[in-house]
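Okay, thanks everyone, let me get the structure up on the screen.

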Amino acid sequence: MSTTALLLVVPCYNEQEVLHETTAQLTALLQKMQQAAEIGSYKILYVDDGSKDATWSLIEQLAAQHAEVGGLKLAHNVGHQQALWAGLEWGANSTFDAIVSIDADLQDDIEAIRAMVQQYQAGYEIVYGVRKERKTDTAFKKHTAQLFYKLMSSLGGEVVYNHADFRLMSRRTLQSLVAHPERNLFLRGMVCSLGYRSTSVYYDRKERFAGESKYPLSKMLNFAIDGITSFSVKPLRLITLFGMLFILVAILAIGYALYAFAIGHTIPGWTSLLISLWFIGGAILTAIGVIGEYIGKIYKEVKRRPRYFIEKAHNLD
């Protein structure tokens, strides 16, 4: 009989439409796994990321109905990564052997949890949930996601293709993760950088059960920028290379201007001058923006502010 104690960490933000169904499906699965001796004890930990709807009251109700359900209520909306970190930090300080992180919207196939636990029991300490394909995504989201992963790889960031935040980690690897002091979190890259023995479980992603996506285009762009600037300084090096290229172009332009002047040809300058000013001005502003992104991250790190505050906890030791 397996004695593996399993914790599920589920970050939530305005998820009142799905919580009952999420709890029903997760508890049914975990009970089957327990009866089949695949796991020992288990717990579902919901982390309410400062929701504005009835999410927390539902978590309290569910915790009253199920002894294996608990909740953390954050005092303010701090974002998905920070809310997930709060749950993982609690798990790292608990007695659970393995911790699975999964979103509340039921898009990730919960049956993959069984395969994750099997891989953990086979000796793997990190098991990534990886999508087989992106049939449920729009063409725009599919192509931009592929571009993001390729860009991350080309810039030196280590990420698992088509993996989000659906994964299993042993308590040892989780303790190593939460030892990271940074406030700018990109967990997909941070977990990959740990170096422990890992593998992947593949699954088909489903449509969202209910409610609306909590990741509109603006958040996706911010997330992508955070990921790139958190794990690579190559954008800064590219600025230097572009600067050298512009200097070379300028030297060639000066040489051509002097040659034209020497042979008596006037330079028809308005169009070329206008294009050059706009191009170089845009390049300079882009460079300043990239540098500013890194300076902003340094600003956040040196302040060392707490990542979150826990307002309430329910049904947790």
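A quick convention before we look: a crossing is left-handed if the near helix is turned anticlockwise from the far one by less than a right angle, and right-handed if clockwise. Helices are DSSP runs of H or I, at least four residues, and strands are runs of E, at least two, numbered from the N terminus. This is a predicted model, where local features need pLDDT of at least 70, side-chain atom pairs count only at pLDDT 80 or more, and totals for chains, interfaces and linings use all residues. Residues are numbered from 1 along each chain as its sequence is written, and side-chain values use heavy atoms, with hydrogens and water left out.

So, H1 and H2: the crossing is right-handed. Their axes (lines fitted to C-alpha atoms over the stretch in contact, angles from 0 to 180 degrees between N-to-C directions) come within 10 Å and cross at roughly 35 degrees. As for contacts, meaning heavy atoms within 4.5 Å, Leu19, His20 and Thr23 of H1 meet Thr55, Leu58, Ile59 and Leu62 of H2.

Now, which residues of H2 are buried? Buried is under 20% relative accessible area, exposed over 50%, partly exposed in between, with a 1.4 Å probe and protein chains only. Thr55, Trp56, Leu58, Ile59, Leu62 and Ala63 are the buried ones. On the other side, Ala64 and Gln65 are exposed. The cover over the buried residues of H2 includes H1 and strands S1, S2, S3 and S8.

Last, cysteines: Cys12 is buried at 2%, and Cys192 is buried at 9%.
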